[in-house]
Amino acid sequence: MPAMVSVDAWMPEHRHGMNYKASVTALGGGRFRAQGLLFHMPGRWELVFEARGERLAHSLRLE
Ligand SMILES: [Cu+2]
């Protein structure tokens with residue numbers, strides 16, 4: 001179980017990220033709470049999670 005994960009988001013088509021950095025708090029038991037993810041425009045965003053040097057990306061579309 002990773003001690004900490006990080007989360008970031010960007011818009012691949014626009015080549016920009018968020019205007020603010022998200023923070024992650026470890027809740028214990030392998031759970032984490034991310035706060036401060038501010039998606040400032042509609043379109044396709046990619047959420048990128050990192051833990052122990054591994055990356056997991058998840059795509060979502062905001063309208
Ligand atoms: Cu954009």
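Visitor: Why does M11 count as buried in this model?
Guide: The model is predicted, and in it M11 has 1% relative accessibility. Buried means under 20%, so M11 counts as buried.

Visitor: Why does M41 count as partly exposed?
Guide: M41 has 28% relative accessibility.

Visitor: What coordinates the copper ion?
Guide: The donor atoms are SD of M11, ND1 of H14, NE2 of H16 and SD of M41, at 2.0 to 2.4 Å. A donor has to lie within 2.8 Å of the metal, so these atoms qualify. M11 sits in strand 1 and M41 in the loop between strand 4 and strand 5, 30 residues apart, and the pair links distant parts of the chain.

Visitor: Why is the site of the copper ion called tetrahedral?
Guide: The angles among its four donor atoms are 97 to 126 degrees. Four donors count as tetrahedral if all angles lie between 85 and 135 degrees, so the site is tetrahedral.

Visitor: Which residues make up the largest nonpolar core?
Guide: That core has ten residues, including M11, V7, A9, W45 and L47. Strand 1 (6–11) and strand 5 (43–51) each supply at least two of its residues. L47 is in contact with V7, A9, L37 and F39, among others, when neighbours within four places in sequence are left aside.

Visitor: Where is P42 found, and what does P42 touch?
Guide: P42 is in the loop between strand 4 (31–35) and strand 5. Not counting residues up to four places away in sequence, P42 touches M11, L62 and E63.

How values were computed. Residues numbered from 1 in each chain as written. Predicted model: local features only at pLDDT ≥ 70, side-chain atom pairs only at ≥ 80, totals over all residues. Heavy atoms only, no water. Core = buried A, V, L, I, M, F, W, Y, C linked by side-chain atoms within 4.5 Å. Buried < 20%, exposed > 50% of the residue type's maximum accessible area, 1.4 Å probe, protein only. Helix = DSSP H or I, 4+ residues; strand = E, 2+ residues; numbered from the N terminus. Contact = heavy atoms within 4.5 Å. Donors = N, O, S within 2.8 Å, 3.2 Å for Na, K, Ca; no water. Tetrahedral: all angles 85-135°; square planar, octahedral: opposite > 155°, others 65-115°.
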